[in-house]
Each structure stands twice: as C-alpha cells, then as structure tokens.
Amino acid sequence: MKHNHRFFLFFLFLALLISCKDKIEITKKPAAGDHLFTLLSNNQTNIHFKNSVVETAEFNVLKYYYAYNGGGVAIGDVNNDGLLDIYFTSNQQSNKLYINKGDFKFVDVTEAANVEDSKGWTTGVTMIDINNDGWMDIYVCKSASLDNDLLRNNKLFVNQKDGTFKEEAKKWGLNDDGFSIQAYFFDYDKDGDLDMYLINHRVDFLNSVNLEAILKDEDFFPQTSDHLFRNDGNKFADVTIDSGIMNKEFSLSAAIGDYNNDGWPDVYVANDFITPDKLYINNKNGTFTNEINQRFKHISYSTQVSHPENTRVLV
C-alpha cells in the first residue's frame with residue numbers, strides 16, 4: 001500500500017506539472033515589420049558626427065595603448081522638451097551636442113550651447129543633474145595628453161536653462177586631471193545626493209603584463225588611481241584615500257550594484273591586462289573593502305563591464 005501511495009503521489013505531481021505547463025505557454029507576438037530596427041542615414045537625422053583618430057610620430061598606439069578605445073555617448077533631455085538629445089565625445093576633435101527636434105531629426109547646437117570641447121583627449125561622458133535644479137548637466141572625462149596635466153582636467157558643463165551651458169568643474173571640485181575614462185554617479189553614503197566614482201588608469205603600458213612589478217609598486221599615483229568623490233551639497237570632496245578605494249590598476253569601467261544584498265551600493269571595477277578586477281563592498285561607514293577574492297572563484301583578463309545607467313559606448 002505504501003508503494004501504491006507513492007506512485008499515486010508521483011503521478012499526481014506529474015499531472016500538475018503538465019497542467020501548469022499548458023497554462024503558462026506564451027504565444028509569440030508577431031513582429032510589426034521585417035526588422036526590429038531601421039538604419040537611418042545622416043541625411044535624415046542630420047547627425048554627421050564622426051570620431052576620427054589620427055596618429056603621429058609623437059602620439060600613436062605604441063605610446064598610448066588606448067588610442068583606439070573610442071569615446072563616450074550620453075543621451076538625455078537637456079532642454080526639458082520631452083525628447084532625448086545626444087552628446088557625442090570625440091577623442092581629438094570637438095564634442096558635439098545634438099538637440100532632438102522629433103521624428104528623428106536633430107540639430108547641432110554645440111557652439112551655441114557653449115559645449116564645444118576640442119582640446120585634449122576626450123573619453124567618457126555622463127549626463128547628470130549636478131545641482132538638483134531639474135535640468136541635465138554634462139560631465140566629460142579627459143585622458144591621454146601624456147605631458148599636459150591641464151588638458152586632462154575633466155569638465156562639467158552646467159545647464160543654464162536657456163539653451164546654454166557653463167563649464168564649472170573646478171567650482172564643484174570635479175576637475176580631476178587624471179587619466180579618466182568614465183564617471184559613475186551614485187549615492188554611496190545614502191545621504192540623499194549623488195556621489196561620484198571616477199575610473200582612471202595607469203599609463204606605464206610597458207608594465208601592463210608584469211603583474212609582479214605592478215603589485216610591488218608602493219607609490220600612490222593620484223592621476224592614475226580611481227577616485228571617489230563625496231557630494232557635500234555645493235561641492236564634491238575627494239575621499240579616495242579615506243574610503244579605501246585607492247588602487248593602481250589599468251581600470252576600464254565599473255558597475256555599481258548591491259552585490260551582497262545589504263541595501264548599500266557597492267562598486268565592481270573592471271581592470272585591463274593582467275591586474276585583477278576589484279569588488280569594493282560598501283562598509284556603510286564611508287569606507288569600502290575589496291572582496292574580489294572572497295566572492296569570486298575566477299577573474300577574467302582585460303575585463304569591460306557596463307551599467308544600465310552609465311554605459312560607455314565605443315564610437
């Protein structure tokens with residue numbers, strides 16, 4: 001009887017599975033057309049941006065390995081008309097701001113908006129409302145320019161709400177002159193405002209495959225380490241050292257997320273070449289601890305990650 005009872009339960013369970021499967025079958029909705037996306041020409045959109053890199057004897061990929069890593073693109077509504085505008089960064093030429101006029105028509109307003117940025121080497125870009133006035137601002141990262149610190153000062157174009165912007169990176173304490181790739185804004189201390197994690201990278205590329213030399217390097221390079229900036233209301237404070245974020249890797253990108261499900265944002269940093277990635281766990285007291293070895297069994301080489309709110313696009 002016991003065996004018969006078990007068989008009865010088994011067949012009852014199997015019948016329930018089949019019944020549930022029948023109920024949750026999903027019918028695919030037919031596509032509206034032959035293609036999900038349609039390629040639009042620049043004659044239709046009026047977007048004629050192109051990121052061209054020109055090498056010279058003084059500057060080339062052998063001296064700066066990231067010469068062909070590309071630039072960044074930021075999309076957001078900068079004039080509050082309900083349409084998404086586009087800001088392209090160019091490594092060697094001027095960045096471009098295109099205002100969306102609807103129906104996939106754009107207008108280049110770069111010069112009129114005072115966001116032309118043709119000096120130095122531009123990399124990533126983020127749109128963020130830095131002053132909480134309801135208008136999107138633009139933060140631009142600079143790199144390369146191996147012998148000119150001034151050309152590597154990151155820029156912050158603050159929206160003047162009249163179609164123009166004003167560069168105020170120094171005023172906000174965000175004119176970092178490191179070798180920057182991308183900035184990530186998030187509230188790491190949960191005080192209600194957005195702080196900033198900045199990805200920087202080393203430039204001694206000849207040591208990029210010498211892990212022993214990198215790990216033995218005891219110097220802290222403020223221009224090559226990632227940086228953490230705390231938002232203090234009307235200015236940002238560099239809290240890199242106090243937070244425990246200081247590193248010396250060839251960083252490429254980061255992904256912000258709550259990796260240990262404790263309700264506090266952590267930072268995963270993807271590093272290039274043979275240096276290991278970092279997983280900075282938020283200690284909830286303004287500091288972070290790298291726990292990559294405790295939480296991962298395997299770490300990839302030359303990692304590149306993206307975050308849904310801060311995605312770096314190669315152009």
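Contact here means heavy atoms within 4.5 Å. The model is predicted: local features need pLDDT of at least 70 and side-chain atom pairs count only at pLDDT 80 or more, while totals for chains, interfaces and linings use all residues. Residues are numbered from 1 along each chain as its sequence is written, and side-chain values use heavy atoms, with hydrogens and water left out.

**Stop 1: the whole chain**

Display the protein chain as a cartoon. It has five helices and 16 strands, where helices (H or I, at least four residues) and strands (E, at least two) are DSSP runs numbered from the N terminus. Of its 315 residues, 44% are buried; buried means under 20% relative accessible area, exposed over 50%, and partly exposed in between, with a 1.4 Å probe and protein chains only. Among contacts with a separation of 6 or more, 52% join residues 24 or more positions apart.

**Stop 2: Y64 and the largest core**

Select Y64 and show the side chains around it. Leaving out residues up to four places away in sequence, Y64 touches F59, W121, S143, A144, L146, H201, V203 and F205. Y64 also belongs to the largest nonpolar core, which has 26 residues; Y64, Y197, L228 and V267 are those with the most contacts inside it. Such a core is a set of buried Ala, Val, Leu, Ile, Met, Phe, Trp, Tyr and Cys residues joined through side-chain atoms within 4.5 Å. Colour strand 9 (180–186), strand 10 (195–200), strand 13 (251–257) and strand 14 (266–271) next, as each supplies at least two residues of this core. A second, separate core has 15 residues, including I128, I130, Y139 and V158.

**Stop 3**

Zoom in on strand 10 and strand 11 (residues 227–231), which pair in the antiparallel sense over three bridges. There, Y197 stands opposite L228 in strand 11. Both residues were met above, among those with the most contacts inside the largest core.

**Stop 4: aromatic pairs**

Show the rings of Phe, Tyr and Trp (for Trp, the six-membered ring). They pair if their centres lie within 6.5 Å; planes under 30 degrees apart count as stacked, over 60 as edge-to-face and the rest as tilted. The count comes to 20 aromatic pairs. Select Y139 and F185, an edge-to-face pair at 6.0 Å centre to centre with 85° between the planes. This pair links distant parts of the chain, since Y139 is in strand 6 (residues 137–143) and F185 in strand 9, 46 residues apart. Y139 counts as buried because its relative accessibility is 0%, and F185, at 8%, is buried also.

Move on to W172 and F236, whose ring centres are 6.4 Å apart with planes at 55°, so the pair is tilted. W172 lies in the loop between strand 8 (165–167) and strand 9, whereas F236 is in strand 12, so the pair ties together parts 64 residues apart in sequence. Both W172 and F236 are buried.

Finally, select F59, Y64, Y65, Y66, W121, F205, F250 and F273, which form one aromatic cluster.

**Stop 5: charges over rings**

A charge sits over a ring if NZ of Lys or CZ of Arg is within 6 Å of the ring centre and within 35 degrees of the ring normal. The charged end of R152 sits over the ring of F179, 4.0 Å from its centre. K190 lies over the face of W264, at 5.0 Å from the ring centre.

**Stop 6**

Strand 1 and strand 2 (residues 85–88) pair in the antiparallel sense over four bridges, and I86 in strand 2 is the bridge partner of I75.

End at A112, in the loop between strand 4 (105–108) and strand 5 (121–128). Is A112 buried or exposed? A112 is exposed, with a relative accessible area of 59%. A112 touches G163 and T164, not counting residues up to four places away in sequence. From A112 to G163 the distance is 7.8 Å, C-alpha to C-alpha, although they are 51 residues apart in sequence.

Terms used
Two strands pair if DSSP finds at least two bridges between them.
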